[in-house]
Amino acid sequence: MSQLIEDIEIIDLRNLIHVIQSQYNYDFSNYAISSFKRRVIRVIEIYKLGSVKRLIERVQSEPKFFKDFLSEITVNVTEMFRDPTLWRELRDKLLPEIYSKLKEVKIWHAGCSSGEEVFSMAILLKELGLTKRTHIVATDIDHNIISKAKEGKISLKNMLDINDKNYTRFMPSNSLSNYYKVDNNYAFLDKTLVENTVFKEHDLVKSEVFTKFDLILCRNVMIYFSQSLQNDVLNKFHQSLFIGGHLIVGSKESISWCDANVKFGIVNSEEKIYRKIKD
Amino acid sequence: MLKSLNSPSVEENTKYKAIVIGGSAGSFQVMVKILSEISNTMDLPIILCLHRLKHIRNGFVEALQIKSRKKIIEPEDKESLKKGNVYLAPSNYHLSLELGNKFALSTEDMVNNSRPSIDLTIQSSSYVFKDKIIGIMLSGANKDGALGMSILKKRGGFCIVQDPLESTINTMPNAAIEQANPDRILNTDGIIKLLNSLKLS
Ligand SMILES: C[S@@+](CC[C@H](N)C(=O)[O-])C[C@H]1O[C@@H](n2cnc3c(N)ncnc32)[C@H](O)[C@@H]1O
């Protein structure tokens with residue numbers, strides 16, 4: 001955290017948001033202010049800009065800079081098999097139940113970041129022998145992170161310190177290293193895992209609903225939104241689910257205050273699994 | 001000194017609306033003691049940021065709850081802060097308070113090698129409560145929290161640091177003392193006594 005946090009006023013942030021909106025058509029006006037402010041400060045420090053004013057100037061005059069800005073302003077921190085208990089619940093209960101009712105299953109990872117969650121799901125499906133019956137779409141607002149997700153290239157440190165450990169908690173008898181090769185301080189995940197996954201850019205704020213799914217995972221994305229934006233996005237998820245379809249949000253997220261909440265039933269309150277029960 | 005002549009002492013002052021506490025290694029037992037001995041009439045909400053193991057999602061609240069007289073909650077994103085409760089930053093998330101007294105969680109990069117980061121919880125809470133908050137820094141092995149405490153102090157909040165002589169690990173209290181110039185340096189009993197003698201509005 002930096003001392004700069006004291007100097008930046010809400011009005012500065014509003015100006016920045018306004019410029020981004022009018023010039024690039026991204027709307028950050030309903031993002032959670034505490035994290036947004038910290039992200040802005042981070043960008044100012046990374047690029048040694050000194051002030052929001054200077055940041056606004058660069059955003060205005062350099063579209064290429066804006067792309068990098070977009071990557072930096074969004075929080076991409078993610079993990080494979082984050083919350084191992086959820087992945088066990090998926091393996092032992094939810095997926096068997098879903099696949100017992102449907103021949104083919106459509107899954108959407110909304111806000112997939114660098115793909116860790118997508119690869120986790122692909123590994124799980126492979127272990128269950130369900131890959132061929134599944135269509136996966138993975139989306140994110142940030143073009144750069146989507147390209148990264150497709151590569152399946154993860155720093156070895158993260159792989160060993162975080163992902164391997166999560167996986168072992170999920171599946172003590174197996175090792176995640178069966179799914180990647182190590183080269184030059186990077187772990188390269190087996191790309192055939194995501195052969196049939198469609199990665200694409202999609203902004204949950206402004207983009208339209210595009211198709212219907214049986215399962216949507218949107219974890220640790222809506223925490224960056226205000227409650228009113230969470231409400232709008234939940235409506236979109238509701239429209240994007242078949243009746244009986246499932247939504248999974250992050251372990252500390254709640255949909256209870258959203259209007260569409262009444263159209264969902266709770267399947268697992270601890271792991272935040274919901275089922276669409278009404279149109 | 002002049003200031004204390006004109007304004008009421010912390011115990012007499014009825015302006016306080018919240019308490020924020022940070023701690024790391026060596027702070028757990030201190031926190032258990034504080035929570036078991038502060039009276040229920042002291043109903044200011046308490047926001048707690050303690051460094052904790054990342055992969056152990058459950059058990060920590062339960063362990064703190066056993067002897068606590070107050071309800072301990074790991075808030076969900078956008079949950080409201082309410083009087084009388086204790087709010088604990090969940091593992092692997094940063095906890096901020098936002099205007100409107102709602103919590104916001106985040107998975108941003110670690111700050112001072114920590115997530116949750118104490119700096120971030122204290123800074124955001126003090127942004128919301130300005131001079132109406134009491135900050136307390138307990139035992140710990142790094143410097144997380146010191147910058148947050150100095151910001152809280154600058155905004156007029158009341159700053160308490162656990163006595164480094166009593167702290168199991170004094171790096172964190174010492175850093176806070178150096179950076180924040182606290183109003184009081186107290187041992188655990190002193191902290192409890194002060195909290196229990198607060199006049200509430
Ligand atoms: C913290 S990551 C979550 C990754 C993963 N789901 C997990 O839980 O580990 C949040 C992601 O949400 C994306 N995001 C933020 N705003 C978005 C928006 N309006 N539309 C789509 N994705 C967005 C960010 O780019 C980032 O990659």
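Mentor: Let us begin with a term: two strands pair if DSSP finds at least two bridges between them. Keep in mind throughout that this is a predicted model.

Trainee: Which strand is joined to β3(B), and by how many bridges?

Mentor: Strands of a sheet pair through backbone hydrogen bonds, either parallel or antiparallel. In this case 2 bridges join β3(B) to strand β4 of chain B, residues 86–88, and the two run parallel. Within that pair, B:Ile73 stands opposite B:Tyr87 in β4(B).

Trainee: In what order do the strands of the open sheet in chain B follow one another?

Mentor: The open sheet has 7 strands with parallel pairing, and reading across chain B the order is β3-β4-β2-β1-β7-β8-β9. Because β3 (72–73) and β9 (184–186) of chain B each have a single partner strand, they stand at the edges, and one side of each is left without a neighbour in the sheet.

Trainee: Where does the ligand lie, and which residues are closest to it?

Mentor: The ligand lies between chains A and B, and it sits in the largest cavity. The ligand is surrounded by 21 residues, with A:Tyr31, A:Thr78, A:Asp140, A:Asp203 and A:Leu204 the closest.

Trainee: What distances separate oxygen atoms of the ligand from A:Asp140 and A:Arg219?

Mentor: For A:Asp140, a polar side-chain atom lies 2.6 Å from an oxygen atom of the ligand, whereas for A:Arg219 a backbone N or O atom lies 3.0 Å from a ligand oxygen atom. Taken alone, the ligand exposes 610 Å², of which the protein buries 99%.

Trainee: Which backbone features deserve a second look?

Mentor: Most residues other than glycine have a negative phi, and most peptide bonds are trans. Here, the peptide bond from B:Arg115 to B:Pro116 is cis, with omega near 10°, and B:Pro116 is placed in the loop between β6 (102–106) and α4 (118–129) of chain B. A:Lys272, although not a glycine, has a positive phi of about 60°, and this residue is found in the loop between β9 (264–268) and β10 (273–276) of chain A.

Technical notes. Residues numbered from 1 in each chain as written. Chains lettered and ligands numbered in written order. Predicted model: local features only at pLDDT ≥ 70, side-chain atom pairs only at ≥ 80, totals over all residues. Heavy atoms only, no water. Near = heavy atom within 4 Å. Polar contact = N/O pair within 3.5 Å; in protein donor to acceptor, adjacent residues only side chain to side chain. Areas by Shrake-Rupley, 256 points an atom, 1.4 Å probe, with all protein chains shown as cover. 1 Å grid on protein atoms, 1.4 Å probe; cavity = no way out; pocket = protein on both sides within 12 Å on 5 of 7 lines; lining within 4 Å. Sits in = over half its atoms within 2 Å of the grid points. Helix = DSSP H or I, 4+ residues; strand = E, 2+ residues; numbered from the N terminus.
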